[in-house]
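Please have the sequence and the coordinates open while reading this report. It goes through a few local features, helix by helix and then residue by residue.

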Amino acid sequence: EMKAEDSTLPSYDFKRILLLGEADFSFTRAFATAHTDNRATKADSPSRCSERPTDKLVIRDDCRLIATEFGNGEDLMKRYYNDDPQKMKTAISSLCQLEAIEEVVCGLNARLLGDKNPTKCKCQRWNKLKKEWDPPASFWENPYVRDTSNKSLPLPFDLIIFNFPHSDQAGRATKLVRALFKQLRICIDEGRLAKTVELEMRLRTIETDPTLKKNIRSFYNHEEAAAESKFELVSGGCWTGDLERWEKLGYRHKWTRKNASCRDMATNCKVWRWRSK
């Protein structure tokens, strides 16, 4: 395992980022807010742009986000908006107004990203004009995702982020991490994703106590899963947890099904980033 560096934090010099499993989209909003803040900082003091303090998030100016969630529109409304369609409409519409947000998607199953039949990987997209979810459609056929004039072009994502891919059912978190690496390997090999795409995950890991291996929030077998699918850590690709900075921007780490805080589950969190070998 690569030692986490206390003095450095991941930077985001990426043009298009795919966010998976976003639940209530609070991380999406936090990231987009940081992007806006950085743009404002540059406008106010351009001469100091190259001298950012270590606690300042470095995000590319033209960075754009496609934020996705596994649950469908009905799930989101019931779970996070008290089953109130107006509350959901207001929240998602507000999110879409942030400059970095290119698209908000629900109903996307990351386990289907590499399916042999790309049309099986369906999702619902937020229609910014109608302010509602569009009918289910293929994720891969969206013009934002692929240049429809040239099907051979790789997808423009250069970073994929999946925070705490866990479940409250024992064993499923490990299987999900392994499945994600496998799906991304298929997408790269078949040209759906560029070979240079990177995967970032925030994981809670406690390596010192083997009895905790049954605790799905503590043990992911992520290193083995990465190796099996021919991924390796990028240079310096393991950092100490950075949840506090995201929380200051509005991120809330929650149980997905219960919509309740599980911040204590993120103790000893680390940030990992891989790329294809």
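Predicted model: local features only at pLDDT ≥ 70, side-chain atom pairs only at ≥ 80, totals over all residues.

## Helix α2 and its surroundings

At the start of α2, which runs over residues 73-80, a side-chain oxygen of N72 reaches to within 3.1 Å of the backbone nitrogen of E74. Within α2 itself, the buried residues are G73, L76, M77 and Y80. They cover an arc of only 105° around the axis, and therefore lie on the same side of α2.

The elements that cover these buried residues include the helix α3 together with the strands β2 (64-69), β3 (101-106), β4 (122-127) and β5 (132-133).

## The loop between α2 and α3

Just after α2, N82 takes a positive phi of about 50°. D83, which sits in the loop between α2 and α3, also has a positive phi, in this case about 60°, although D83 is not a glycine.

## Helix α3

The N-terminal end of α3 is capped by D84, a side-chain oxygen of which lies 2.9 Å from the backbone nitrogen of Q86.

Which residues of α3 are buried? They are M88, I92, S93, L95 and C96. These residues cover an arc of only 155° around the axis, which means that they are on the same side of α3.

K230 is placed in the loop between α5 (222-228) and β9 (231-240), and although K230 is not a glycine, it has a positive phi of about 65°. Is K230 buried or exposed? With a relative accessible area of 54%, K230 is exposed, because the cut-off for that class is over 50%.

R172 belongs to helix α4, which comprises residues 172-189, and at 36% relative accessibility R172 counts as partly exposed. Although R172 and Y220 are 48 residues apart in sequence, their C-alpha atoms are 9.4 Å apart in space.

Notes. Residues numbered from 1 in each chain as written. Heavy atoms only, no water. Helix = DSSP H or I, 4+ residues; strand = E, 2+ residues; numbered from the N terminus. Buried < 20%, exposed > 50% of the residue type's maximum accessible area, 1.4 Å probe, protein only. Arc of directions from axis to C-beta. Polar contact = N/O pair within 3.5 Å; in protein donor to acceptor, adjacent residues only side chain to side chain. Contact = heavy atoms within 4.5 Å.
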